[in-house]
Amino acid sequence: MKPAYSRIAGTGRCLPEKILTNADLEKMVNTTDEWICSRTGIERRHIVAENETNLDLCEKAACNAMQAADVAAKDIDLVIVGTTTPDQIFPNMGCLLQRRLGIHACTAFSLEAACTGFIYALDIADKFIRSGSAKCALIVGGETLSRMTDWTDRSTCVLFGDGAGAVVLQASDEAGVLSTHLHADGQYADLLYFPSGVSKGFDDMKSGKDFIRMSGNEVFKVAVTKLGEIVTETLQANNMTADKLDWLIPHQANLRIIEATARKLKLPMERVILTVRDHGNTSTASVPMALDVAVRDGRIQRGQTLLLEAFGAGFTWGAALIRY
Ligand code: COA
């Protein structure tokens, strides 16, 4: 018999040791701690060491999630890694992670939906499980955006950080993932992008062309609108009002965007999980890392209702309602 639900069995995260503070950035570009804090809410971010890669972060986050879920490599029958910064083009990050963890022969792939990657992976894993195609999925959002950041561009380099978050999702008859909602609109592709790739070709990174490019103001406006719409869509799909939510776990790009979504829901900020101050924008890693922070510090309890949302390049955006 097919299970009624997929359910979060364990969470994990990994942040690189090295921390870059706003004071450090003041020495690198023409910026101030005051500007960064007031415009973004970010105070520090973690950055990978020279010999450290996204796969290292994903492996540690995955191990932590598997330990929390009390599952072994042999139990995992689906691996999905959301990322825009894979260690290499192929094999995909799912396969590379399989090898690190000693997981054999199950479906494994990576997907690229920018900052919404983890929500996309969650949606797909939930569908695999509810259709009976998998019983125990490992889903990871991992990113090393520092490797594609222009460290001389003050309008972007203050925003991003590195990290990985992971979740083990298992088949369950108890309520777990209640609904997922995915959207994308490629008409906004030029507002936030990395200009190069294998087929188009790469410029010399040092020429200053191959870096994240963003129209910050435009991104901000669309993000606020689309996130406002998607949280409403998610609640309506579940015949639910925001006062029944225990926690909002938003994509951690900018405190002002998060506050706008909370205002839309009339949700006090005490019920919003915030990591943006310490992590910066870690793209697809931000939601699973924020989830793990609040699970491990005891704020999120079994049986509570969580609303996860994310927005990123594409644009892509998505949300999930979860009974934890
Ligand atoms: N330090 C100091 N000044 C800076 C700066 C920095 N790090 N970055 C930009 N500025 C300056 C600009 O040059 C501009 O100066 P000017 O008025 O003399 O031209 C001024 O600050 C205002 O820039 P603006 O871009 O209008 O600021 P903003 O209030 O929109 O904030 C962002 C900029 C990037 C913080 C904001 O637009 C944002 O967060 N956008 C969304 C980004 C995002 O979330 N991206 C990822 C989506 S997943």
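Okay, some housekeeping. Because the model is predicted, local features need pLDDT of at least 70 and side-chain atom pairs count only at pLDDT 80 or more, while totals for chains, interfaces and linings use all residues. Residues are numbered from 1 along each chain as its sequence is written, and side-chain values use heavy atoms, with hydrogens and water left out.

Let's go to the ligand. There are 23 residues around it, and Thr 31, Arg 39, Arg 154, Asn 217 and Asn 254 come nearest; being near here means having a heavy atom within 4 Å of the molecule. By type, the shell divides into 10 nonpolar, 10 polar and 3 charged residues.

Which elements supply the shell? At least two residues each come from α2 (33-40), α6 (154-157), α7 (216-237), α8 (255-265) and β12 (305-312). The largest share is from α7, with 4 residues. Those labels are DSSP runs numbered from the N terminus: helices are H or I with at least four residues, strands are E with at least two.

Now the polar contacts, meaning pairs of N or O atoms within 3.5 Å; within protein, one must be able to donate a hydrogen and the other to accept it, and sequence neighbours count only if both atoms are side-chain atoms. Arg 39 has a polar side-chain atom 2.8 Å from a ligand oxygen. Arg 154 uses a polar backbone atom, 2.9 Å from a ligand nitrogen, and a polar backbone atom of Gly 216 is also 2.9 Å from a ligand nitrogen. Taken alone, the ligand exposes 960 Å², and the protein buries 72% of that. Areas like this come from the Shrake-Rupley method with a 1.4 Å probe; for residues, only the protein chains shown count as cover.

Next, salt bridges: a side-chain nitrogen of Lys or Arg within 4 Å of a carboxyl oxygen of Asp or Glu. The count comes to 15. My pick is Asp 292 with Arg 13, where the closest N and O atoms are 2.8 Å apart. This pair links distant parts of the chain, 279 residues apart: Asp 292 is in helix α10 (residues 286-296) and Arg 13 in strand β1 (residues 5-14).

Are these two buried or exposed? Asp 292 counts as buried because its relative accessibility is 1%, and Arg 13 is partly exposed at 27%. The cut-offs are under 20% relative accessible area for buried, over 50% for exposed, and partly exposed in between, with a 1.4 Å probe and protein chains only.

Compare that with Lys 226 and Glu 229, whose closest N and O atoms are 3.8 Å apart. They sit 3 residues apart in helix α7, so about one helical turn separates them.

Last stop, the surface. Ile 89, Phe 90, Val 198 and Phe 202 form a nonpolar patch with about 510 Å² of accessible area together. Patch members have over 30% relative accessible area and no salt bridge; like charges are joined within 9 Å, nonpolar side chains (Val, Leu, Ile, Met, Phe, Trp, Tyr) within 5 Å. Ile 89 sits in the loop between β4 (78-82) and α4 (93-101), and is exposed at 61%.

Methods:
Nonpolar A, V, L, I, M, F, W, Y, C, P; charged D, E, K, R; others polar.
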